[in-house]
Amino acid sequence: MARLRYSGRMRKLLASAALVAVLLPSAAHAWWEKGHRLVAEIAWDHLTPVARKNVQFLLGKESLADIASWPDVYRPSVTQTGNWHFTDIPSDTDKYDRDRDCPVQPGVKKGSYNDKVRDCATDRIPFFETIVADQNADPSERATALKFLVHFVGDIHQPFHASGVEKGGNGIIVTAFGQPTCSSYATTSKCNLHAIWDGFLIDRRKFSDKQYLKMLEGDIKANSVQAGPIDPVAWTEQSKMISDAGMVPSGADIDEAYYQKFIPAIDRQLELGGLRLAAELNAAFTQPPHTFKPVDPEKAEAEREAASKQPKK
Ligand SMILES: [Zn+2]
């Protein structure tokens, strides 16, 4: 694969991301956290041996599940990354339109040389996959890209991360089983529809990660659930359709009937998110990891000089 060229800006961003990754503890209270972990666990189960070796090479002691929520912790440090977690498809359509739904980066002109990747999940998934797959890139940059990739594949499978309606349902205030709050940690903020899908419905299953994983893997097997093609646009559009089905007006109560109706869709999204992440990583990691040797600028200069002094034949 050709050596990727990063802009100075992207290099700086990835370098500062790598630094923050070292400084910050893992996300204890990130949204959709259990969902992210489960997607990562399923992906790990379905990786090829060579892909697993590459993941271990890049992440060291950390597992895919350990790093799955890191971009949520990192998000406040570099605000531009905030838009990478979702894609806003408007209310009247289920079709993704890149120009409409994926903002151009700040300071970049649409269609210009630098307008290669934009600021939404649907664009960032293939972008970070390319960096992850680049064996010639610096491993610390690839590790950071892997953390983003794992997270955004999880995010785009949370249906309300593909909806621009009321900021992905954040603006739709609801009650949950008659209660005004629906989160064990945001106990004072009012419950909204996004939070219901981020955590409340999953938590209501009352499964440990281990129990939940076992159930999902059993379902994948029993129903021969397949990842299908690697197609982030299709994944985004499928999510948008589910969010449309789950839409309620402000003031609605999320009750047992709503939970029973939509928990199978959430489970399937977790399964698909995991299988599709595995498909991406299996495609990215086809060679055993090899040690990256950074170019020594002084040595390279000396070699160039020596070469220029050679008599021309
Ligand atoms: Zn996120």
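**Entry 1. Pro159**

I began with Pro159, which touches Trp197, Ser239, Ile242, Ser243, Gly246 and Gln269, leaving aside residues up to four places away in sequence. I note here that the model is a predicted one. I looked up where Pro159 sits and found it in the loop between α8 and α9 (166–169).

Is Pro159 buried or exposed? I counted 25 C-beta neighbours inside 10 Å of Pro159. The cut-off for buried is 20 or more, so Pro159 counts as buried.

I then checked the pair Pro159 and Trp197. They are 38 residues apart along the chain, and their C-alpha atoms are separated by 7.8 Å. Trp197 is also one of the residues that Pro159 touches.

**Entry 2. α8 against α13**

Next I took helix α8, residues 139–156, and its packing on helix α13, residues 256–284. How far apart are the axes of α8 and α13, and at what angle do the helices pack? I read 9 Å between the axes and an angle of about 145 degrees. The crossing of α8 past α13 is right-handed.

I listed the residues at this contact. From α8 they are Leu149, Val150, Val153 and Gly154. From α13 they are Gly273, Arg276, Leu277 and Glu280. Sorted by class, the contact has four nonpolar, two polar and two charged residues.

Where is each one placed? Glu166 is in helix α9. Lys206 is in the loop between α10 (193–204) and α11 (209–222).

I also checked their surroundings. Glu166 has 17 other C-beta atoms within 10 Å, so I logged Glu166 as partly exposed. Lys206 has 8 other C-beta atoms within 10 Å. Exposed requires 12 or fewer, so I logged Lys206 as exposed.

**Entry 3. The chain as a whole**

I finished with the totals. The chain has 14 helices and two strands. It runs to 313 residues, of which 40% count as buried; Pro159 is one of the buried residues.

For contacts with a separation of 6 or more, I noted that 75% come from residues 24 or more positions apart.

Note on methods
Residues are numbered from 1 along each chain as its sequence is written. This is a predicted model: local features need pLDDT of at least 70, side-chain atom pairs count only at pLDDT 80 or more; totals for chains, interfaces and linings use all residues. Axes are lines fitted to C-alpha atoms, for helices over the stretch in contact, and angles run from 0 to 180 degrees between N-to-C directions. Helices (H or I, at least four residues) and strands (E, at least two) are DSSP runs, numbered from the N terminus. A crossing is left-handed if the near helix is turned anticlockwise from the far one by less than a right angle, and right-handed if clockwise. Two residues are in contact if their C-beta atoms, placed from the backbone, lie within 7 Å. Ala, Val, Leu, Ile, Met, Phe, Trp, Tyr, Cys and Pro count as nonpolar, Asp, Glu, Lys and Arg as charged, and the others, Gly among them, as polar.
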